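Me: Could you walk me through reading cavities and helix packing in a model?
Reply: Gladly; let us look at one together.

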Amino acid sequence: MLLVGALAYALSQTLVVPALPEIQRQLHTSTTAVTFVLTGYLLTASVATPIMGRLGDMFGKDRMLVVTLGVFGLGSLVAALSQSIEVLIAGRAIQGVGGATFPLSFGIIRDEFPRERVAFGIGLISATFGIGGGAGLVLSGVIVDHLDYEWIFWLALIVVSGAIVAARRFVPPSPVKSPARVDWAGAALLSSGLVALLIAVSEGNSWGWGSVRVISLFVLAAAVLLAWIPFEHRVRQPLVDIRMLRDRAVFSTNITGLLVGFGMFGSFILIPQFVQTPPRAGFGFGASVTEAGLYMLPSAAAMLLAAPLSGWLGGRVGSKLPLQLGTLISATTFVFLALVHDEPWSIYAGTTLLGLGIGFSFAAMANLIVEAVDQRQTGVATGINTIMRLIGGSIGGQVAASIVAGHIVGGTGLPEEAGFTAAFVMSAVGVGAAFLFAFSIPARRERLAVAGEPASEPTT
């Protein structure tokens, strides 16, 4: 049931991306307006995820999971019935609340699963973040080529409806809660800073990275988020315990999550666009939207294998090792794609390896956060980590698109091969930095020693 709910949200991350041109045509709108179909989703996800995670810690993760899935279903219905771009954007914004499915699911697993099964369960849920992203590209191609775009949202509604029924029936009440007052002022500050940051990142390509609007939003985001930190220190019952975020395991894992998200979402932009490039450009395979999605299918399949394996390995030697393996595999894969991309097999090989690397990494990060924080902080802590992946993904996607857009053959509108090569290298640098950052995360034995617990487990 938790897998179904998480998959419904994860699919919706990328399900609309190949359909944006068709949505723009059918709704007779501008390119700027249609991009908010994606941006609005990311904005509400960034706001709702830590807040709903905190409310789950306070009032019960089971209760807030049902609320989250219900709001996501409502957004899916609004989007499916929309006949204007404004209503569609509103529906997508409501859908974004579904981002809280991940931290709430992690908390439920930690509360309900036997201790020896927690790492495996969290690894499996984590995999859906990447699996859904890759599978969304495949399904979207089929829908765009054969059905109306509204079926993207009817599909999401069907999936989440089943998850709601199962959640009501099978998820037991949360045994661990931390009753407190809701820090609405802290939530408003955090939300304002995240919204300003993500709008700047999402609109940087169309508005211009050096434009007054983009720079002003970056400045505003920095000012608000810097003001939020001392504010949370002074609040008796803060939305987010700043001391928790400063913990070396939590801080290092969050930065690693941002960098891995940077690379993963970059691949979602680069690989479909590369294979759809017509061969007359001197590269590319002229794939259709559906065929481009199929190139991403090995990545989703590999994540489904790698994430539980990462959880199993983390339960025995600690999650630091699978995170290091995952980031190393991912960075190496981007280098491979930068050098070898002349034949379809190289793209299939690259997406398979990338799926292994991302699957290992996402599962390990979630487990590292869960291992590092108090059980009463699971929801908000994993919510912040989810947001770091989203922010990194937004930046990675925009940077990849900017690099490719900066390498266009004059008079043809076709991209240059050098643009894709440079973008793959940039993704390799980002994930390579994640690999180096992973070494600063304390090993399990060190964390247990600090917490005063027995430190008999193996370390890395």
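Me: How do the residues of the lining of the largest cavity divide into nonpolar, polar and charged?
Reply: First, the general idea: rolling a probe the size of a water molecule over the atoms shows where empty space is left. This is a predicted model, where local features need pLDDT of at least 70, side-chain atom pairs count only at pLDDT 80 or more, and totals for chains, interfaces and linings use all residues. Residues are numbered from 1 along each chain as its sequence is written, and side-chain values use heavy atoms, leaving out hydrogens and water. Here the lining of the largest cavity has four nonpolar, one polar and three charged residues.

Me: Which residues line the largest cavity?
Reply: They are R54, M58, R181, V182, D183, Q237, P238 and L239. The volume of this cavity is about 40 Å³, and the whole structure holds three cavities of 30 Å³ or more. (A cavity is a set of points on a 1 Å grid where a 1.4 Å probe fits but cannot get out; lining residues have an atom within 4 Å of a point.)

Me: How do α4 and α5 cross?
Reply: Two packed helices are described by the angle between their axes and the distance between the axes. For α4 (residues 61-81) and α5 (residues 85-95), the axes come within 7 Å and cross at roughly 165°. That makes α4 roughly antiparallel to α5 (over 145 degrees). Among the α4 residues that meet α5 are V71, F72 and L74. Their contact (heavy atoms within 4.5 Å) has eight nonpolar, four polar and no charged residues.

Methods. 1 Å grid on protein atoms, 1.4 Å probe; cavity = no way out; pocket = protein on both sides within 12 Å on 5 of 7 lines; lining within 4 Å. Points joined across faces, edges and corners; volume = space filled by probe spheres on them. Nonpolar A, V, L, I, M, F, W, Y, C, P; charged D, E, K, R; others polar. Axes fitted to C-alpha atoms, helices over the stretch in contact; angles between N-to-C directions. Helix = DSSP H or I, 4+ residues; strand = E, 2+ residues; numbered from the N terminus. Parallel < 35°, antiparallel > 145°, perpendicular 65-115°, else oblique.
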